[in-house]
Each structure stands twice: as C-alpha cells, then as structure tokens.
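I opened a notebook page for this structure.

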Amino acid sequence: MQTLHHEEALTLLRKYNQEPFHIQHALTVEGVMRWYANELGYADDADYWATVGLLHDIDFEQYPDEHCLKAPDLLRAAGVGDDVIHAVCSHGWGLTVDIKPTHEMEKVLFAADELTGLIGACALMRPSKSVQDMELKSVKKKFKTASFAAGCSRDVIKNGAELLGWELDELIQKTILAMRSCESAIQEEMDRLS
C-alpha cells in the first residue's frame, strides 16, 4: 500500500483548502490518527493512518454540500489509491455516503474526527488554550451541552465509540491523549504555513 508522504499529502490538501481552521483540523486528525495507529498495534501503518487523517476533509471547504462525494475525484486525480479513498469517504457514513467504516482505522477516523473538534473547542475555553491540561470530565460536561460546539455531532461520536466497541469515556480519554501528543507539532506546522 503506497502512501503519500506528509508534504505531498499536505500540498494536495492545500490545493483545495486555504482556511487555516480547515488546515489545522486536518493536521490534528493526522496527528491523532498516527497516535491511534501506534497505540492500537498498527505502528507499521502509522504513516498510512496519518495520511488518511490529513486528507479526510479534502473536499469539505470547496464542496461542503458534496462532502465525501467529491473526494474520490479529487484524490483519484492526484493518483491516490482506492484504499485511501474508501477510508476517507467512510467517515461520511450515514451523513453523506453509505460507505460503512470496516477497518479499525476507518472506525477510529469516524469516531475521532468530530470528537477532535469538540475537544479543540473545549481547549479554547481554557486559560491555557491547550489540551495539555484537559480532563475527561471537562469534555463530558461540554458533550452534554448541545449548544456548545453544536457543529460537532454527538451522535456520530457515540456511534463511533459503539463501532469500535469502546465506552464513550474511553474514546474521549484516548483522543485527548492523542491530541496532546501532536499539539505542539501542529502549532509549529501552522506557524510554518502562515
């Protein structure tokens, strides 16, 4: 399975995404996916997991109404393999596409994508503006407040935990740890790109 290198994937992402918010989200999901690959025993595939994370929203900025429907064309045009395309599209399962996440990596992407947005929004409310001092109970409290980060679907997050066979708390706790692992690298990357 041939994987794009980080810089190639980032160049491809930035061809269709200019908003710093979208770039930062993609970098966050990339880092979170790399952490999960290592954590769940897929270290040899960590670059692959990370690439899928980086490219998962490639079509969102320009084609929000065709999210996960336009991605195959954009990715295929860049020579990206069907395995990556399937994984990217599967995170839109039940929302825009009928491609169910089957591989553990796809289930992690489905579960963690929305959750990184919620945790990121929680972090911005903290004096530190960081996930480094984030605690499970803080996220759980905000999770129950539907108006907080309303764009982050609680149902998708719950369904993702269920797909993985995990308790919601476990998914949230692991994703906090995953985000801690890459937070400073993402800030450096964002500084480099601006």
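**Entry: Leu75.** I looked up the neighbours of Leu75 first. Leaving out residues up to four places away in sequence, Leu75 touches Leu12, Leu55, Ile58, Val80, Ile85 and Val88. I note that this is a predicted model.

**Entry: the core.** Next I asked which residues have the most contacts inside the largest nonpolar core. They are Tyr36, Leu55, Leu75 and Leu171, and the core holds 61 residues. Helix H6, residues 104–124, gives the most to this core, with 11 residues. I also see that Leu55 is on the list of residues that Leu75 touches.

**Entry: salt bridges.** I turned to charge. Side chains of opposite charge can pair when their charged atoms come close. How many salt bridges does a search of the whole structure find? The search finds 8.

I went through several of them.

- Asp133 and Arg126 meet through their side chains in a salt bridge, at 3.1 Å from N to O. I checked the cover of Asp133: its relative accessible area is 35%, so Asp133 is partly exposed.
- Glu135 pairs with Lys137 in a salt bridge at 3.0 Å, N to O. Glu135 is partly exposed at 40% relative accessibility. Lys137 has 61%, so Lys137 counts as exposed, because the cut-off for exposed is over 50%.
- Lys140 and Asp169 form a salt bridge between their side chains, at 3.2 Å from N to O. This pair links distant parts of the chain, 29 residues apart: Lys140 sits in helix H7 (residues 136–143) and Asp169 in helix H9 (residues 168–193). Lys140 is partly exposed at 28% relative accessibility. Asp169 is partly exposed too, with a relative accessible area of 30%.
- Glu7, Glu189 and Arg192 are linked in a network of salt bridges.

**Entry: overall build.** I then stepped back to the whole chain. What elements does the chain have? I count 9 helices and 0 strands. The radius of gyration is 15 Å, close to the 16 Å that the globule rule gives for 194 residues, so the chain is as compact as a globular protein of that length. The C-alpha trace spans about 45 × 35 × 35 Å along its principal axes.

Entry: Of the 194 residues in the chain, 49% are buried. Residues 24 or more positions apart account for 65% of them. Last, I noted the accessible surface of the chain, about 9,500 Å². Carbon and sulfur atoms own 50% of that surface.

Notes:
Residues numbered from 1 in each chain as written. Predicted model: local features only at pLDDT ≥ 70, side-chain atom pairs only at ≥ 80, totals over all residues. Heavy atoms only, no water. Core = buried A, V, L, I, M, F, W, Y, C linked by side-chain atoms within 4.5 Å. Buried < 20%, exposed > 50% of the residue type's maximum accessible area, 1.4 Å probe, protein only. Helix = DSSP H or I, 4+ residues; strand = E, 2+ residues; numbered from the N terminus. Contact = heavy atoms within 4.5 Å. Salt bridge = Lys/Arg side-chain N within 4 Å of Asp/Glu carboxyl O. Rg over C-alpha atoms; globule rule 2.2 N^0.38 Å. Areas by Shrake-Rupley, 256 points an atom, 1.4 Å probe, with all protein chains shown as cover.
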